[in-house]
Amino acid sequence: MTKHRQVVIIGAGPAGVRAAETLVQEGVQPIVLDEGALWGGQIYRQPLPSGKFKRSKRTLYGFEWAKADHLHQTMARLQPLVDYRPETVVWNVEEKSLDVLSKGELERVPFTHLIIASGATDRILPLPGWTLPGCFTMGGAQIALKAYGCAIGRKVVFAGTGPLLYLVAYQYAKAGAHVVAVLDTSDWSRQRAAVPRLLHLPGVFAKGLYYLAALRRRGVRVERNVRLLGLEGQESVEGIRWTYRNAKPGTEENIQQLECDAVGIGYGLRPETQLADVARCRFVYSERDRCWIPETDAAGRTSVAGIYVAGDGASIAGADAAELAGKRAGLAVLHDLDVIAAQHDALHTMQEINRKLDRITRFREGIEHAFPMPEGISTDWPDDLTICRCEEVSAGTLRTCIQAGGITEINRLKAVTRVGMGRCQGRMCGTAATVLMSDELGLPLKEVGRLRAQAPIKPLPAFCQSTKSTPSSSV
Amino acid sequence: MQADSVARAGQFVRVAEQDRQHLHFMLDGEDVTGLAGDTVLIAILACRPAVRRSDFSAMPRAGFCLMGACQDCWIWNEEGRRIRACTTPLQAGMRLLTAPPSIPIAHD
Amino acid sequence: MTDLSDFDVLIIGGGLVGCSAALFLSRRGMKVVVVEKGYCGAQASGVNYGGVRCQGRPIEQLPLALRARALWDNLPALIGTDGELIISGHLKLGRREEDLASLEAWGQMASAFGIQTSMIGGTTFRSRYPWLGSRVCGGSLCPTDGHANPRLIAFAFSRAAAAAGATLLEQTHLDTIHFDGTRFIAEAGGRTLRATWCINSAGAWANAVAQNFQESVPLETMYPNMWVTEPMPRFITHNLGVEGGGFYARQVDRGNCIIGGGMAQGDGNFAQPSSEVTNRVMAEARSILPALKGALVIRSWSGVEGKTPDKNPIIGASRTTPQLFHAFGFSGGGFLLAPGVGDLLAEWICTGSTSTPIHAFSISRFDRQQEEEACTQ
């Protein structure tokens, strides 16, 4: 007698695709729900076929092109055996059932086992002028080029920190866009100190050095130890002002200005954990990620039976780790379905995966040390700085509320000031709001709590209707 | 006309893949062109400096993340339906608005 | 050795009722402590729909409602903010002619209490409200009703109570409480609290407190389902309800439309909105407010609320224990009433009685019912 089962995977990036592959290999046919138009996620995002784009994968993905291609081909081969649904937004998780929006129709997708491979977005800290046209996330700047052949402007500055900073700047310069400067808020001495850990993945480390050298060769100005002051411009970005971290604060000394019409900002990545949150998974604070992530066991199982997480949507570790974690989650599901039982092979594979993931984790610790979120950065934020761009809530509003007393937790701050209450549910302002709260109260970031997600986790057009349940299959 | 096109210059610059099929669509009642494979956001920002005005300060906005996370690029079509520009593929004949259509209210 | 503190009044539950009682008692010179297991005003008080309305209440609630309504006009002086109160009027809509008849009947009853309403229908209704769909055919407008922001109000009352001298113990569970013949002795958060008077304003959890004093009421939990749109151009001019219930909507100054209807789900402590209910009521909402088709729903929520069989609250003296007052079970209609209830409790404790008739809310009314039911068996 076959027990009813329906495995659903959310996300078709590296983690989601490898999870699907692992399941199909053992005869399980999952549903794969992808918000994008075509599999690949963000890092291996594919241009839309309707555009008949010509650039090679080498051009699009650089050093990673073979991995990207392999992932794409894998998912293409899996197609007859997976129920792949693109342009499908999962906006809620209830008991064993997903609420989705697919091509304007509301549907419910029941599941017995759910792998959330929802990926990540840029970790953002604001600066004056960041809501102006011309200022985009670093990941967004990369998508514009990779998927659409566009540069975000005529004279582009990249500012913030993280390995993506150098990668995107390099990709832009290589594509012929005018990159004015790379402004890294991190300290060169920290990057030097991180080298031993970065050498856990010597190949990746080497690529980082390559990008830096290539930028220098192309005459792109690279600055470190940067303290960003703000973007200039009335209706769009016209310039960027900054200084060095060791300059005397409050003086005009050493203030730099660069003319530009576009800025890509970012400070690493943050995981998209809203679905795990509405599914009532327990969360733990990650010192390395400097944020709350779903609690998992060594295979990616969350605290809710039947729900697993994998990839950057669980914890930031990059595409290679995501592929491994996706495979591992697939194995965990197969084990829990009694498809592979306690086979020696599967156990051995899991151990092998975890060994590789441990090495990547050491590397990531190096990355976080080399490119940390700037400490005490909220002291740079003037009171009139917009923290929450959806609701246009300023730093001053938050400070006034916190100083008035009685608010020591981020959801309370949200309730009273509206920070995080807008369309993006705090994706773009959550880091900044908690950092500000932590700095104002003198509490560790962990102590101020985490912004809770609420269904729909992404805005739902109110005209969408109809609820028809997907006929469940016993496979 | 020259002054017009300068004032209306797009934020984005096409640096590659310009040789694609042209798609005509309407933006705020004007005839504009994008390329096949564009999203609505890419097509608009290729020829305009912004995609909407913010709800409270009415300052211009041009989206932010390009991946459906920041929710900053929601616009409308002429039927009054909401469209998230960065995740909606451009189709020929779309009729788009960067400001909400008005709602009938009584004027006693 | 535990901390020992003496108070005049111990208030169990830091919602709007508890905090307004704490404020009014403190202003009258009483030493007050509020014990709240979470954050003050974070439960039903802070997540409710936000209607500030007299229209539609049963006759027995009207004197209390009017007392409360007068306080709402005085918010800035009381709590330092207007809590985004808008006197928008409450328009209670009818789907059918019979609904209009019952709305008119309520209006006539309420006029005896000085509450003005006016009926609108026909072509006047259509021309004044072109944004209302054909699903509704008319309504009753109560111009003195309105709506406010519950998150701000509940929080502001707690801050005002603290500023007036009340001690607020948040994140503090009440472990034990008993009456020793003279006063109440409670253990909470590692402290021993002693108080002459006690108010049970523990909301959906108040029955456990009542049972501790050998009282019990048929209190159930309800989880109202609500959601909100993105900011939209202003078009909804009144706080809206529908005769027969099931739908309510208001638009705030910033443009968001807050809509509610139906019941969500929960486990007694935690509420979760129901997407099925939201979708179903949204279909109704689109037919009443067609402009919503152009909106984005950005958030849904629910809350844990206590409900009684007759949907009237329990307000009054304990049957079993001297110096104990109950004030809970507001069944979804507590937002307007709460400041009035706090004020009334302060009056009662300080003067020995209250002028506002509340015998309809007596805790013993369910005993009588249960006794009668037992007799007929």
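**Note on a predicted model with chains A, B and C**

1. Helix H1 of chain C covers residues 16-27, 12 residues in total, and spans 16 Å from its first C-alpha to its last, close to the 16 Å expected at 1.5 Å a residue. The expected span is 1.5 Å times one less than the number of residues. Helices (H or I, at least four residues) and strands (E, at least two) are DSSP runs, numbered from the N terminus.

2. This is a predicted model, in which local features need pLDDT of at least 70 and side-chain atom pairs count only at pLDDT 80 or more, while totals for chains, interfaces and linings use all residues. Residues are numbered from 1 along each chain as its sequence is written, and chains are lettered from A and ligands numbered from 1 in the order in which they are written.

3. H1(C) is mostly covered, with 11 of its 12 residues buried. A residue is buried if 20 or more other C-beta atoms, placed from the backbone, lie within 10 Å of its own. Among the buried residues are Leu16(C), Gly18(C), Phe24(C) and Ser26(C). Just after the helix, Gly29(C) adopts a positive phi of about 90°.

4. Between chains B and A, 35 residues of chain B are in contact with 44 residues of chain A; contact requires C-beta atoms, placed from the backbone, to lie within 7 Å. On the side of chain B that touches chain A, the elements giving two or more residues are strand E1 (13-14), helix H2 (40-47) and strand E5 (60-61) of chain B. By class, this side has 21 nonpolar, six polar and eight charged residues. Ala, Val, Leu, Ile, Met, Phe, Trp, Tyr, Cys and Pro count as nonpolar, Asp, Glu, Lys and Arg as charged, and the others, Gly among them, as polar.

5. Strand E10 (residues 150-151) of chain A pairs with E1(B) in the antiparallel sense over two bridges. Pairing requires at least two bridges found by DSSP. Here Cys150(A) stands opposite Arg14(B).

6. Chain A contains an open sheet of five strands in the order E9-E17-E11-E12-E13, with parallel pairing. Its edge strands, E9 (135-137) and E13 (221-223) of chain A, each pair on one side only. Three bridges join E12(A) (residues 179-184) to E13(A), and Val182(A) stands opposite Val222(A).

7. Helix H4 (residues 138-148) of chain A lies across E9, E11 and E17 of chain A, at about 90° to E9(A). Angles run from 0 to 180 degrees between N-to-C directions, with axes fitted to C-alpha atoms, for helices over the stretch in contact.

Technical notes
Two residues are in contact if their C-beta atoms, placed from the backbone, lie within 7 Å.
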